[in-house]
Amino acid sequence: VTGRPVDLQDAARLIRQAESVLFFLHVNPDGDSIGSTLGMIRALRQAGKRAVAAGVDPVPRIYRYLHGWDEYFVPWQQVEGEWDLGCFLDCGDLTRVGDALPLVGRARVTLNVDHHMTNSLFGDYYYLDYKASAVGEMAFHLLTAMQLPIDRDAATCIYTSIVTDTGMFRYESVTPETHRIAAALLERGARPYDVAQEIYENETVPRLLLTARGLATLRREGPIAWIHVTRQMLQETGALDEDTEGLVNYPRTISGVEVGILFREVEGGIRVGLRSRGVVDVGAVAKEFGGGGHARAAGCTVAGDLTAAEASVIAALKAVLMR
Ligand SMILES: [Mn+2]
């Protein structure tokens, strides 16, 4: 069952009409999920609404400079009562909310706000903008359409969402509009230097050691390069699951490589992160394995062990590359 498409004005109206809004963070929340959600909550609370972010995974350490990361965030089991609106930012599919799924029924109406091409059009209403570099751009437009002020804290959250989802304004998804919104956020008090320090110069020794271990597994076959991370590597370096974020980007940086992959042991299988330069639509490949994402950045989870996952995913990529 799919919902109804809405435009910016209708989506803004749905949020404006709600007294209480329950936001859902996706599993392993990234900078876009967290930044756009916390920025929205900040602005909605200042407008007198009740709003929280429900999540299944904790907010990663590097995002804990964002206003509301603890106050606005509620582990999904602790969310109480009924909500006028359930809002999903940056969730390509309802399954992305993970174990928090039963909580969705506590929202009278649901609104799915996203920029993934693979979005499954879930929710009572969905507002999609495939051209948005980050859902942060959409959050900015929604708040502007609602004529709600964006203060320095909200601006920093939304700016963070855009910085992280564009790899610091490097990806092809970046448009003049991306920069116009970033400029508007700087005018409202977001500080690029401070955000960059928090996200990109905030390493820990375990994280760097894990990066070294992961990179040591590097293999390449023509246009495909891949690395892997095992549970044992996490244990031996003292790194956390969240410390693997960003590691997926390394293999693709090799000259002549089209697709870079990170295989990571998780509970119940192998999490596969895919990055493409553009020749291969890795979103489509991830979809073959029940995952999703964008043409250049996507992911899926494959059952079985590392060897089996590597074999099946690389075979699928080779098939696409030979087409
Ligand atoms: Mn995103």
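**Exercise 1. Find how many salt bridges there are, and work through one of them.**

Start with the rule: a salt bridge is a side-chain nitrogen of Lys or Arg within 4 Å of a carboxyl oxygen of Asp or Glu. By this rule, the count is 15 salt bridges. Before going on, note that this is a predicted model, where local features need pLDDT of at least 70, side-chain atom pairs count only at pLDDT 80 or more, and totals for chains, interfaces and linings use all residues. Residues are numbered from 1 along each chain as its sequence is written, and side-chain values use heavy atoms, with hydrogens and water left out.

Step 1: pick Arg108 and Asp84, whose side chains form a salt bridge at 2.8 Å, N to O.

Step 2: Arg108 sits in strand 6 (residues 107-114) and Asp84 in strand 5 (residues 83-89), so the pair, 24 residues apart, links distant parts of the chain. Helices (H or I, at least four residues) and strands (E, at least two) are DSSP runs, numbered from the N terminus.

Step 3: check accessibility. Buried means under 20% relative accessible area, exposed over 50%, and partly exposed in between (1.4 Å probe, protein chains only). Arg108 has 52%, so it's exposed, while Asp84 has 21%, so it's partly exposed.

**Exercise 2. Where in the chain do Glu172 and Arg296 lie?**

Step 1: look at the contact. The two side chains, Glu172 and Arg296, meet in a salt bridge of 2.6 Å, N to O.

Step 2: find the loops. Glu172 is in the loop between helix 4 (152-165) and helix 5 (176-187), and Arg296 is in the loop between strand 12 (292-293) and strand 13 (297-302). They are 124 residues apart, and the pair links distant parts of the chain.

Step 3: sort them. Glu172 is exposed at 61%; Arg296 is partly exposed at 30%.

**Exercise 3. Which residues coordinate the manganese ion?**

Step 1: know what counts. Donors are N, O and S atoms within 2.8 Å of the metal (3.2 Å for Na, K and Ca); water is not among the atoms, so sites may look incomplete.

Step 2: list them. Asp32 (OD), Asp90 (OD), His115 (NE2) and Asp165 (OD) coordinate the manganese ion at 2.1 to 2.3 Å.

Step 3: read the spacing. Along the chain, the donors follow D-x57-D-x24-H-x49-D. Asp32 in helix 2 (residues 31-46) and His115 in the loop between strand 6 and strand 7 (125-128) are 83 residues apart.

Step 4: check burial. Both Asp32 and His115 are buried.
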